[in-house]
Amino acid sequence: MINFFSHNHKKQKKVIPIILGLVIIFIFGWAYYSYDIKTPIAGSQETKEFVVEPGWGSTKISHELKRAGLIRNAYVFQLYVWTHDIDTRLQDGEYFLSPAQNLKEIAQILSRGAGLTKEVTLTFIEGWNNQDIAEYLEELGIASQDDFFEIIQTKADWWDEYELLASRPKNHDLEGYLFPDTYRVFHDATITDIVRKTLDNLDKKITPELRQEISRQGKTIHEILTLASILEKEVSSDKDRKIVADIFYKRLAIGMPLQADSTVNYATGKSVARSSADDLQADSPYNTYKHKGLPPGPIANPSLSSIMAAIYPEKNAYYYFLTTPDGHVVYNETHDGHVADKAKYYR
């Protein structure tokens, strides 16, 4: 008599491990697939040019993405675009992609076209204030001045992510914090994207060592940027900025007004080398002829040269300086000598 129960039981004992094995393989495979499509490649976040030639299919594109270091696995990419029905909608063209983007984001970009990743080069000049930047962005068609000022004047939650903004008075906007440099941004970048790029740049420039030195001196980043912005507008060389920084610090220490024409210009909206008698009567906390101490905040976005000068001034005996019409800086220890210098160079 044949024992069917025993025979079937033996077959089940063989099948169950196979099923369990397949389940485990599926679980691990799905976990790897999910991880790979959502997790960018670690390392450089530098944008790379990636060209999809006409006639390339999803297989060719996936292998070229892998070769460029933009994705981990070409077959995961092929599976993703096939299961999401975009394998036939990947478009040729010139793209700018980054390993900081995950596989899913890259696939979606390639399905929508190269125009989304076209980059724009923005150059913010050292010493520009936020009004200059606003006009520049409007001229390029990036953003209206009103939209720009709405972003930099209204505190957003993401401002709290930046330690360097902590010493900024709560009613102060981002004047002085948008680090002047050349930036590459996608053509559809938002104003927030652009502003955050400048803040990220400043965050790197003011290193932990510099922050420690600022703190050791009993100063704040806001105070350093404020003085640096004045130095930026007053004198142009690294050497002169360090000397003038010490002059200003000495004036602050004895309660003498800074008497910086650049701050008066900020109050009046002018751009003149020497303030007029009427300008000097401007009723503004930025008028450092009438008000002692630093003004409420920066008057421009300073360069690293001016920031370093504000942190590391060069000790000297001077209390006065002026810039001649040809750009030369003349120093003096006494007020009488300074008056004589003005009579000599500004007749």
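**Legends to close-up views of a predicted model**

**View 1. The chain as a whole.** Of the contacts in the chain with a separation of 6 or more, 61% are between residues 24 or more positions apart, a contact being heavy atoms within 4.5 Å. The model is predicted, so that local features need pLDDT of at least 70 and side-chain atom pairs count only at pLDDT 80 or more, whereas totals for chains, interfaces and linings use all residues. Residues are numbered from 1 along each chain as its sequence is written, and side-chain values use heavy atoms, with hydrogens and water left out. The chain holds 13 helices and six strands, taken as DSSP runs (helices H or I, at least four residues; strands E, at least two) and numbered from the N terminus. Of its 347 residues, 42% are buried (under 20% relative accessible area, 1.4 Å probe, protein chains only).

**View 2. Ser58 and its surroundings.** Ser58 lies in helix α2, which covers residues 58-67. With a relative accessible area of 16%, Ser58 counts as buried. When residues up to four places away in sequence are set aside, Ser58 touches Phe77, Gln78, Val81, Asp87 and Leu90.

**View 3. Helix α4 and its two ends.** Within helix α4 (residues 103-112), the buried residues include Leu103, Ile106, Ala107, Ile109, Leu110 and Ser111. An α-helix has 3.6 residues a turn, so residues three or four places apart point the same way. At the start of α4, the backbone nitrogen of Lys104 has a side-chain oxygen of Asn102 within 3.2 Å, while just after α4 Gly113 adopts a positive phi of about 115°.

Definitions and conventions. Buried < 20%, exposed > 50% of the residue type's maximum accessible area, 1.4 Å probe, protein only. Polar contact = N/O pair within 3.5 Å; in protein donor to acceptor, adjacent residues only side chain to side chain.
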